Structures are given as structure tokens and as C-alpha cells.
Amino acid sequence: MSAGARTGEIIVDQVTKEFGDLRAVDHATLEIPGGEFFSMLGPSGCGKTTTLRMIAGFEEPTAGRIILEGRDVSYVRPGKRNVNMVFQAYGLFPHMTVNQNVAFGLKIKHVPRSEIGERVAEALRTVRMDELADRRPSQMSGGQQQRVALARALVNRPAALLLDEPLGALDLKLRKEMQLELKRIHATTGTTFVYVTHDQEEALTMSQRIAVMKEGVVQQVATPRELYERPANAFVAGFIGTSNVITLKPDAERDGMGIMNLSDGDRICAPAGLGGGREVKIIVRPERMRVWGDPDGERVSRVHGTIAEVIYLGSMTQLIIDLKTGERVTVHELNDDLKGALPEIGDPVLVQWAADSGFVIDDVGAVNVARDAATPE
Amino acid sequence: MVELAVPRSRNLAARLARKMRPFWFLCSPMGVICALFVTPLIILVVMSFQHYSIYNTQSGFTLDNFRVLFTDPIYRGVAKDTIMMATTAMVIQLVIALPLSYFIAFRAGRWELPLLLLLVLVDELNPIVRIYAWRMLLGREGIINDFLGWIGLIDHPLDWLLFTKFSVILVLSTSWVNYTALPIYASMKAISPHLFEAAADLGAGVFTRWRRIVIPLAAPGIFIAIILVYIPLFTDFATPGLVGGTSSYMLGNSVADLMLTTGDWGGGAALSLVLLGAMAIISVVAYFLSRLNQLD
């Protein structure tokens, strides 16, 4: 084993995959330490599934290498890499029972009979399917089939488990349950999990780190919190959580803040050391905008607007507001903070937010680093 | 005032007429089956118990026809040959059809439909013409012998290519490959391709893939193919007649001879019924085996 190889470590090294003219994956580089729950997140066609399949061995990279536990496996057959995949369509063998399905991989490796029995039972216990060991796939629900597929992969004790949008076919409640189940199983087994999804909430729930991809290019790799609070560009900011885009044309600059003055004492401020009153866009998270209460911070942007929609969600309310600048923003307010009745559609309202809760997006969509150099409170 | 609705079923005559409707629908197909199938079968059964002489006259009830079939050693020999040749041809067809169906079902891409079409068109050619073409290929002065002599592989033309058991099995094996392949193809299409990826991921090689996934899941199709093809193989008389010569005589030929040459309609009918019975048993067994997959 070469130096630095730990159990379950995966390195995707400058991998490119082309299908004819289409470049599905473009110089993707990922380093996944052993035992991590790592997700690849992005819209359809972003290359996340193709990358996963290259790690699994179902596709060969056009350029670049896949390195598993220190070994270059770019062209090795799927069955000969120490990884197992859980497919979106489960792929359970319909003519075999749960036991036989789970034992399949072990039988091929000529594991002794007695050991097979033990390991299959253990795997089924881990996914809590031990009661249904003699059922056929057609006699089980989607969620149960999903767990069996998981057990079938885990029983081989792979260095890494690859999951291709496994929860897509389940209903919402079951999906949320399974998300927590997967987290629990990951913690129990300590196997590296590589998870692909287009659902950002799902990725945020389960992952330790996430790679956000768009059109074959990795946009940012970071922890959920970093992705949300410090997105690398407009795409990531827009993909993770909701974001409001405000256009700012600064009239003046003071202490590294661009200030645009509007009528009636309204103004928009943002950390913008760009120089020369150029127009910039800023992104503000909905929970940073305040409607019933005042934001913290010295410099505060304030804009009047009208309420377009009120969406009551139990613990919080989403307010969709048309600002007098013409932009439509979403504001999240906690219902605990509300004193009095809910606002109604058409009510005039004042929206405020702290100046440095917005991040500036420049022309190419990258977040302006100048924000970090802004005057602290 | 709203008029009371009267259910149509009140009227007894109408009720009766409605109950008889399924019967009328079945009448025409049942009538066809009766006329074309059941009636000749009954005639055959009656004939088999009659004694026919060479002058085509009948006389009283007899079990002789059946007795001769089971005691005469000639029939036993022919039966043995027939079983051997038909079974060998069936196995060869399966060996050809399985990879062929697999290829068309999973690997053909946009050639899938054209290939299927080709498979069906193969049978459009008149079988007699096709079998005759084999004679031209296999004969002493046929194309194969000419070619082998021309490239210097042999000095004298090969005798065993035509008018032997070899030629019968060869021609039988190629006659119904498309009917063998089609049901197998159909059952393979029902296999989700995800299963192959899942199996590969778990370490299955080609052999394991076939043994544990393809064959078990295509089994219904394989048995249907057997039911469809084994019977014509067994009762064929054109093939052994044209390319079999004197050494390969099959039960189909026996029936033809009994009916057409000897005029022993009783014997011919009896043999036909025995063959029918044997085929029925094989079909039923194969049918139940094909449903093994779906038990519980």
C-alpha cells in the first residue's frame, strides 16, 4: 500500500468523461477521506451520476484517474474494485429471496457457507430487515427493497458504498426516515459513503461534505454550513437554500461599503470595495431579511415594499414581498417573533437586513471576496 | 314529478338474453375449432380402431394397430432414432438461440428491430425449397465438397454430408431456430438490465451472469420454445425424406408411409394418436416446469 492510503479513501484525479461530443464530466477532482459521508449534488445532467459510475467502474474516464485506497482502478472491472453500489432502481434479483439476494456477492467470492449465514444475518439486522429474510422482492414495499439493496451491498464490507439517488422513488415521509437511517448506518459501519442526489435538502441533512456540480464542473466542495454561508458563486448560492438577488448601484462608498440611496430614507448598503459606482448584484438569505423586528448590525439596508404572498408553515412564515425597487424577495420569519396578527396580501411593509449579511456576486457569478474584508460590527 | 327509473334487469327475457351473450360470442370460434380440429380428431380415433387392408376396405373393431406399434421392433428402432435426432436438434437450437436472443435483447441497440424482422422473415421461404437448397450444399457434387476439394483439404468428396443422420440433424437444427429464439427473446426482454449491473457490481463474471440470472429468468421462454419446436421436430417428415435417405427414417415418415403408401389408415391413425399423446405429455410437463419460477 502506498503511503497515505487509508481504508476507504477515494481520489478522483482530474477526471474527464466524454460521450462523443458531450463532455459530461470536466476535470473533476475530489478527495474523499476514508469513512466520510460525501455527497455530489447538482441538477440533472451535471455529471454527478457519471462520476459515481466511474468510481464504481461502469464507465471508464476519458482522461484522469480514479484512485481507491492508493490503487489506480480507473480501468478495473466493477466487481474487482472494493466498492459496492446501491442503484436507484434497487436491482434486486426477482427470482431470489432476500437471503439469496444478500448472499449473492459472498457466494461469488466463495465465502464458506457458515460465514455467509452469519454475515447475511448481520447485514439484515443492520438495515432492520431480519424478519423478512425469506420474502421475494415482489412481496415487499419500495422502502423494504431499498434496505435489502443496502444490505446486499454492505454485506461485502466494501471500502466504500456508492449510492445513486437511492431514495428518489420513496414518498416524502419514508424518504426522511431513510435519510436518518442511512446516517445511522454510516455511523455504525464507518464505511465511506458517496451519495448522489439532486435534492439539496437531502444532501445537507446527511453529508459531512458536499460537492456541488454544474454541467460537468465541480463548483465547490465544502461542508453544508460553508456552502450555505460562504457560497463560491451565484450558482451555489442559488442552488443551496433560497436566495434573494438585489441589484445595487452605489452612489457613494464609505468604509468599504457601497451605498445606494433610495426615496424616503431607504437605502441599500453592501460591502463592495469595487470602486467606481458599477452596478453589482448581492445575494441575501431569506432569514437575514427582517420584516417584523430589527436586524443586528451597524449598517442596515432598508427598503419599503408590498406583501405579495403569505405562506404560513407552522414554525415559520414565508413572506413574498415586492420591493419598491422592483425586485421580489422571500423573507423567512419565525412565528415566535410575531406579535399580533399575520400580515395580509397588499400590506405595506419595511424590509431590513444587515449590510454584511449579503454576498456580492460579480459579473462571472463569483462571490466577491471583498465581503470578508468588510468592516466588522 | 321525476319518473321512476326501471332497472333493465326487470324484464326476464332481457335478463336471459344478456346471460347468453358470452355464449354467442364464443360460438363462432368454438364452431371453427369443432369443425377443423375436434371432428378430424374423432375421425382419427375411430379409424385407429379399424382394420384397413391395402384395398382400403374396413372391417371390424380391433386393437391390432396399437399392439403392432408397441411390439414390432421396427417401430422401436424408428422411435429411438427419432428421439435421438429430434432431441439433438432441439439442444443445438437452444445453444444457438440463447446467445442470439441475448444479443438481440440487450446488445443490438438500434439493430434490435431489424434483426427481429430478419428472424421472422427467415421463415417466409418455402420449407421444401429451403431443404432442397441444403441438398445442393451437402451433396457429393455440392458446394461444400467442391470448396473443400478446391482448397485441397480432401481428395474424395465427403459421403456423410448428405443422406445421413448428420444431414437430418443439421437441417432440423436450422429449420426452427427463429421459433426457438423468439419466445426466449421475449422472456429476456422482461429482464431489467439493472440486474446485470447489480450482478457485475457484486463480482459476477460472464458465466455466473448466465447461470444465476439469464437462464433462470429466461426459463419460461425456454420451455415455451421447447413446446413450440420440439413437436414439429418430432413429427417432421419432409426433412428426413429429402435429406435423410434410407438411413434416417423418422416417425413422421412412418405415418406418411402408412397413410399414403401402404394404405394402412388404421395404423397411421394409431401412430398419429400415440405421437399426439406423447407430445401432449411433454407439453404439459414443460408448461409446469416453466411456471416453477413463479411459485409462491
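This is a predicted model: local features need pLDDT of at least 70, side-chain atom pairs count only at pLDDT 80 or more; totals for chains, interfaces and linings use all residues.

A:His110 sits in the loop that links helix 2 and helix 3 (113-126) of chain A. Its phi is near 55°, a positive value in a residue other than glycine.

A:Glu165 also has a positive phi without being glycine, with a value near 40°. Where is A:Glu165? It lies in the loop between strand 7 (160-164) and helix 5 (172-189) of chain A. A:Glu165 has 19 C-beta neighbours inside 10 Å, so it counts as partly exposed. Buried would need 20 or more.

Now chain A as a whole. It has 8 helices and 20 strands. Its C-alpha atoms fill a box of roughly 80 × 45 × 35 Å along the principal axes. Of the 377 residues in chain A, 42% are buried. If we take the contacts in chain A with a separation of 6 or more, 65% of them join residues 24 or more positions apart.

Chain A is divided into two domains: domain 1 covers 39-60 + 73-238, and domain 2 covers 242-373. The C-alpha centres of these two domains of chain A are 40 Å apart.

Next, the contact between the chains. Chain A puts in 15 residues and chain B puts in 14 residues. Which elements of chain A give two or more residues to the side that touches chain B? They are strand 6 (83-86) and helix 2 (98-108) of chain A. Helix 2 of chain A gives the most, at 3 residues. By type, the residues on this side of chain A come to 9 nonpolar, 5 polar and 1 charged.

Over to chain B, and helix 8, residues 177-189. This helix of chain B has 13 residues, and at 1.5 Å a residue they should span 18 Å; the end C-alpha atoms are 18 Å apart, so the two agree. The expected figure takes 1.5 Å times one less than the number of residues.

Which residues of helix 8 of chain B are buried? They are B:Val177, B:Asn178, B:Thr180, B:Ala181, B:Pro183, B:Ile184, B:Tyr185, B:Ser187 and B:Met188. An α-helix has 3.6 residues a turn, so residues three or four places apart point the same way. What covers the buried residues of helix 8 of chain B includes helix 3 (73-107), helix 4 (112-121), helix 7 (165-175) and helix 10 (206-235) of chain B.

Helix 10 of chain B also meets helix 13 of chain B: their axes come within 8 Å and cross at roughly 170°. Angles over 145 degrees count as roughly antiparallel, and therefore helix 10 and helix 13 of chain B are described that way. Helix 10 of chain B contributes residues including B:Phe223, B:Ile227 and B:Phe234, and helix 13 of chain B contributes residues including B:Leu275, B:Met279 and B:Ile282. The residues of this contact divide into 15 nonpolar, 3 polar and no charged.

B:Val274 counts as partly exposed because it has 19 C-beta neighbours inside 10 Å. B:Val274 and B:Leu69 are 205 residues apart in sequence, yet their C-alpha atoms are 8.9 Å apart in space.

That's the end of my part.

Conventions
Residues are numbered from 1 along each chain as its sequence is written. Chains are lettered from A and ligands numbered from 1 in the order in which they are written. Domain bounds come from an automatic or database domain assignment. Two residues are in contact if their C-beta atoms, placed from the backbone, lie within 7 Å. Helices (H or I, at least four residues) and strands (E, at least two) are DSSP runs, numbered from the N terminus. Ala, Val, Leu, Ile, Met, Phe, Trp, Tyr, Cys and Pro count as nonpolar, Asp, Glu, Lys and Arg as charged, and the others, Gly among them, as polar. A residue is buried if 20 or more other C-beta atoms lie within 10 Å of its own, exposed if 12 or fewer, and partly exposed in between; C-beta atoms are placed from the backbone. Axes are lines fitted to C-alpha atoms, for helices over the stretch in contact, and angles run from 0 to 180 degrees between N-to-C directions. Angles under 35 degrees count as roughly parallel, over 145 as roughly antiparallel, 65 to 115 as roughly perpendicular and the rest as oblique.
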